[in-house]
Amino acid sequence: MDKIIRGVLKFNSRMRKDYTADIDRFSQKVVKPLTVFITCMDSRLNPITFVQANPGEVFCIRNPGNMVPHYCEAEAEGISAEGAGLELGCIMNDIGNVVVCGHSDCKAVNSLYAQRNCWHRIQERTMDSPLKSWLSLHGLQTVQKFTKLFSEEDQQRSARGETILGGFKFNFGREEFVCNVDPNNKFNLEDKLSQFHCLQQASNVASYPLLQPYLKKGEVKIHAMWFDVSKGQMHLFSPTNGYFIPIEETSADELAKEITS
Ligand SMILES: [Zn+2]
């Protein structure tokens, strides 16, 4: 804890003044929150910095593996921190965008990948490991769909550098779209699974009945983002193209147009 306490002292001396000035500035005007941002608790991710958000603009929910428990799988139907956070953000604070953000080298997803061939067993809850139970319960759909899309033989071909294309349908609450994970074969299998997993968790947002009228009217939109940790590069999923595209000067306008239309 010593480093944590020293960090607070550093914040006090170098940043507290600017921080409180920002809070003052934003409390004097109506700040419209922009998004509910659901991401992994991995310490390498710093979502507020990545999107350069001001105080009050991003409602952040973090957990192991950027999970959004499906409404039917949340404890006692719908009771989960993530479900409560969606209601607080989208219903009580009129936030019109939900982002689910995955990332490369995700330890939670790597663990799912390691268990991909025994998914029929990973449904079992293990009393001695809340983490395993969490991953099993909420990552099962990801693994089932991924192994259906990529056979073991496909996975070996992909590991040898061959591009494997396979579409899978997802639905973010309006129309269905087809995703082709990593069509340029830039990422290893664990990271392909991570991108696929991110889309699955984003589609789980649409399972919450209280959001469905807002999704149908387009008052709430669901998006998937994915962060490449080693390159420091954020991607946004393009439903039209069916894969994650790096957000750069050359792509930003087109992506913004697509997801706001
Ligand atoms: Zn992670």
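## Phe146 in helix α6

Phe146 belongs to helix α6, where helices (H or I, at least four residues) and strands (E, at least two) are DSSP runs numbered from the N terminus. This is a predicted model, in which local features need pLDDT of at least 70 and side-chain atom pairs count only at pLDDT 80 or more, while totals for chains, interfaces and linings use all residues. Residues are numbered from 1 along each chain as its sequence is written.

Because 24 other C-beta atoms lie within 10 Å, Phe146 is buried; the term applies at 20 or more other C-beta atoms within 10 Å of a residue's own, with exposed meaning 12 or fewer and partly exposed the range in between, C-beta atoms being placed from the backbone. Apart from neighbours within four places in sequence, Phe146 is in contact with Arg116, Leu193 and Phe196, contact meaning that the C-beta atoms of two residues, placed from the backbone, lie within 7 Å. Lys217 is 71 residues from Phe146 along the chain, and the C-alpha atoms of the two are separated by 31 Å.

## The largest nonpolar core

The largest nonpolar core has 48 residues, of which Val98, Val100 and Val205 touch the most other members; such a core is a set of buried Ala, Val, Leu, Ile, Met, Phe, Trp, Tyr and Cys residues joined through C-beta atoms within 7 Å. Two or more residues each come from β1 (35–40), α4 (81–91), β3 (97–103), α5 (107–114), α6 (130–149), α8 (189–205), β6 (221–228) and β7 (233–238), and α8 gives the most, with six residues.

For Val100, the contacts beyond four places in sequence are Ile38, Asn66, Val68, Cys198, Gln201, Ala202, Val205 and Ala224.

Helix α8 is mostly covered, with 15 of its 17 residues buried. The end C-alpha atoms of α8 are 25 Å apart, which agrees with the 24 Å that its 17 residues should span at 1.5 Å a residue, the expected span being 1.5 Å times one less than the number of residues.

The axes of α5 and α8 come within 9 Å and cross at roughly 110°; axes are lines fitted to C-alpha atoms, for helices over the stretch in contact, and angles run from 0 to 180 degrees between N-to-C directions. This makes α5 roughly perpendicular to α8, a label that covers 65 to 115 degrees. On the α5 side the contact is made by Val109, Asn110, Leu112 and Tyr113, and on the α8 side by Leu189, Glu190, Leu193, Ser194 and His197. These residues divide into five nonpolar, three polar and one charged, where Ala, Val, Leu, Ile, Met, Phe, Trp, Tyr, Cys and Pro count as nonpolar, Asp, Glu, Lys and Arg as charged, and the others, Gly among them, as polar.

Helix α10 (residues 249–260) reaches 18 Å from its first C-alpha to its last, close to the 16 Å expected for twelve residues. It is hardly covered, one of its twelve residues being buried.

Glu176 is placed in strand β5 and counts as exposed, with 10 C-beta neighbours inside 10 Å. Not counting residues up to four places away in sequence, Glu176 touches Lys169, Phe170 and Asn171. Glu176 and Pro239 are 63 residues apart in sequence and 9.0 Å apart in space, C-alpha to C-alpha.

## Positive phi in two loops

Asp94, in the loop between α4 and β3, has a phi near 55°, a positive value in a residue other than glycine. Asp94 is exposed, with 12 other C-beta atoms within 10 Å.

Asn185, in the loop between β5 (176–180) and α8, has a positive phi of about 50° although it is not a glycine. With 14 C-beta neighbours inside 10 Å, Asn185 counts as partly exposed.

Technical notes
Angles under 35 degrees count as roughly parallel, over 145 as roughly antiparallel, 65 to 115 as roughly perpendicular and the rest as oblique.
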